[in-house]
Amino acid sequence: MHRRTFIAAAGSVLYMPAAPSDQIRVGIIGSGGRGQFLMKIFMMDTAVRMVAVADVFEPNLEAGLSVATGARAYRNYQDLLADKEIDVVVIATPEHWHHQMLLDALAAGKDVYIEKPLCQRPEQGVDLMAAARQSKSIVQVGMQRRSYDLYLKARDIRASGALGSVRLVRSWWINNNLSEKPATQLQGRLDWEQWQGPAPHRPIDPDRFYHWRSYSDYSGGIMADQGAHIFDGIHLIQGVGFPSAVNASAGRVHSTKSDTPETVIVTAEYPEDFVAVFTINYAGMHYPSRLDQLNQFDGDRARLDVGREFVSVYTQSMPESPESTITGSFSEATNAHVQNFLNCVRTRTPPNAPIEKGFQAVLVTQLANQSLRQDRRIRWNASTRRVEV
């Protein structure tokens, strides 16, 4: 890398100062909790200047400006996109805005880091893939497992043939969000109409704003929010792309206000001759994050267990204890993913999680929600990029 050097050592990244001409000027749309987290990671790179912050909720805007001292404030994302000084845009808004904001950012000629899930509906993903093909922009979807060394090692183990043929992948994610009380008031000024944007317009509701992941107007529910990560990890390790069919079952909604279920089982079929089953239950007990999820790749020679911070291989001759275990630090995953994106911005090379990979992952969850609505198995035609009727 001739424009900037970084040295990976002891699980961390040491950065060399960048010359002013090498600086990457970044603006963020959506400076809530996740947005502020991403801002701090981007600013770890000494070449990054965080020059603009856009948000429609005044406390979030003020918090973002406190992270990026001297940045310009915008209350409409279109004004930020019109800022010619900005090279890169980070989109960390609720899911229902992702499709339109990404299209607008590409039209403005910006490179984009966009949080997952990529979009809400299959046709939006197809639309975004087409827009990306016509654009010269670098786009990274926030599927950080694709830059996480532990998952890359798991991919290499599966690809080596050590597991034999993998016909089934079993995954689960357990937590609890029922303890959250409905929000009854806003803690600051909010442009409600602008926040709703392309979603169905509703009377102002603080709970919809603070807990938008639980409402189908704004997201695919907790199943899609976490399932996009899970299925992307499966796709990475298995080396596959689009599913061929998806079926789903769910428990009833227990929250007093939301309309998306906390407990869902998703079964995805793949043309590569394996099935992936994902179970999410956000009505269970709380686990520490390092223990809240597991992925098991059942081969006919060995089983591969992949958690947040470990990868273990269990052989047929010794199924009760792992033959080998590799550990990692999940806290480094997003750092590595952002660094991969910034390196690609400099070199104009494809990133680890382009739009197509982000769409393939969220598509499984979109088809799962369609399966729940229609009470049937949903088939996907990868050639036509459409649901088969």
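**Pockets and cores at a glance**

By class, 8 nonpolar, 10 polar and 6 charged residues make up the lining of the second largest pocket. Please keep in mind that this is a predicted model.

**Second largest pocket**
- This pocket holds about 450 Å³ of space.
- Its lining counts 24 residues, and those nearest the centre are Asn 177, Leu 178, Glu 180, His 211 and Ser 214.

**Largest pocket**
- Here the space comes to about 910 Å³.
- Lining the largest pocket are 45 residues, with Arg 34, Ala 92, Thr 93, Trp 212 and Arg 213 nearest its centre.
- Sorted by class, the lining of the largest pocket has 18 nonpolar, 16 polar and 11 charged residues.
- At least two lining residues come from each of helix H1 (33-42), helix H4 (98-107), helix H7 (192-196), helix H8 (206-210) and helix H9 (221-238).
- H1 gives the most to this lining, with 4 residues.

**Nonpolar cores**
- In soluble globular proteins, nonpolar side chains tend to be buried together.
- In this model the largest nonpolar core has 75 residues, and Leu 102, Leu 118, Val 266 and Leu 304 have the most contacts inside it.
- Setting aside neighbours within four places in sequence, Leu 118 is in contact with His 98, His 99, Leu 102, Leu 128, Val 141, Ile 355, Gly 358, Phe 359 and Val 362.
- Another core, of 24 residues, lies apart from the largest one and includes Ile 28, Ala 68, Val 90 and Val 338.

How values were computed:
Residues numbered from 1 in each chain as written. Predicted model: local features only at pLDDT ≥ 70, side-chain atom pairs only at ≥ 80, totals over all residues. Heavy atoms only, no water. Core = buried A, V, L, I, M, F, W, Y, C linked by side-chain atoms within 4.5 Å. Buried < 20%, exposed > 50% of the residue type's maximum accessible area, 1.4 Å probe, protein only. Contact = heavy atoms within 4.5 Å. 1 Å grid on protein atoms, 1.4 Å probe; cavity = no way out; pocket = protein on both sides within 12 Å on 5 of 7 lines; lining within 4 Å. Points joined across faces, edges and corners; volume = space filled by probe spheres on them. Nonpolar A, V, L, I, M, F, W, Y, C, P; charged D, E, K, R; others polar.
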